[in-house]
Amino acid sequence: MLLALLTAAPGCGQGNAEHDVELAVLMLRMQVHTGKLHFALKAQNWELADFYDHELHETYDEVFAARLTEDGVDVSASLERFMKPALGQLGNAIDGRDSTAATAAYDRLITGCNGCHTETKHDFIVIQRPTAPMWTNQVFSPK
Ligand code: HEC
């Protein structure tokens, strides 16, 4: 990727190399919020879950608006297809404080992450439910 950046011809700002850097950062943000969301939902901390749902939407919007292409794949279109239904389902579940629905929506979200990674030829990036909290300095249970 660095090589691609260095060899990008001037005026090729639309090239993927530059965008890739940003997409990976946005993806890392998604990974963090998806991970934290798991623990908020597990603790039935709906306020916190709602917060992470909101953050995921914000990152989604940013990726969507960037109109990237990844290996010839339209990233915005893939994002919409793989993530939008799950995010909608998740929002409804959180609003309705419905744990069962939230679990199903969360699983669908993760399936979407991985589906899109496959479609964009990044199937070596595999997302799963976290098995332990990465942030032990944050309390996930409701006050
Ligand atoms: C548009 C389809 C798409 C969707 C949906 C998607 N990703 Fe990605 N993801 C990508 C692409 C493309 C890359 C590689 C970016 C690059 O090459 O810089 C990536 C990279 C990543 C990375 C690697 C970055 C790192 O720091 O390790 C992680 C983690 C990641 N995605 C997490 C997620 C999570 C979590 C979700 C679901 C909540 C998700 N992605 C949904 C397309 C997607």
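In what order do the elements of the protein run from the N terminus on? They run α-α-α-β-β-α-α, which amounts to five helices and two strands. The model is predicted, with a mean pLDDT of 89 over the protein.

**Confidence**

- A pLDDT of 70 or more is reached by 85% of the residues of the protein.
- Residues 1-15 have a pLDDT below 50, and beyond near neighbours in sequence this stretch makes nine contacts in the model.

**Overall packing**

- The protein has 143 residues, of which 23% count as buried.
- Taking contacts between residues at least 6 apart in sequence, 53% join residues that are at least 24 apart.

**Helix H3**

- The buried residues in H3 are Trp46, Leu48, Ala49, Tyr52, Asp53, Leu56, Thr59 and Val63. Because they cover an arc of only 155° around the axis, they lie on the same side of H3.
- Exposed residues on the other side of H3 are Glu47, His54, Asp61 and Ala65.
- Arg67 follows H3 and has a positive phi, near 50°.

**Helix H5**

- Helix H5 covers residues 99-119, a run of 21 residues.
- Buried positions in H5 are Ala102, Ala105, Tyr106, Leu109, Gly112, Cys113 and Cys116. Their arc around the axis is only 115°, so they fall on the same side of H5.
- Thr100 and Asp107 are exposed on the other side of H5.
- After H5 comes Lys121, whose phi is positive, near 65°.

**Reading the helix pattern**

- An α-helix has 3.6 residues a turn, so residues three or four places apart point the same way.
- In H3, the buried set includes Tyr52, Leu56, Thr59 and Val63, while His54 and Asp61 are among the exposed residues on the other side.
- In H5, the buried set includes Ala102, Ala105, Leu109, Gly112 and Cys116, with Asp107 one of the exposed residues on the other side.

Technical notes:
Residues numbered from 1 in each chain as written. Predicted model: local features only at pLDDT ≥ 70, side-chain atom pairs only at ≥ 80, totals over all residues. Helix = DSSP H or I, 4+ residues; strand = E, 2+ residues; numbered from the N terminus. Expected span 1.5 Å × (residues − 1). Buried ≥ 20, exposed ≤ 12 C-beta atoms within 10 Å, placed from the backbone. Arc of directions from axis to C-beta. Contact = placed C-beta atoms within 7 Å. pLDDT = per-residue confidence, 0-100.
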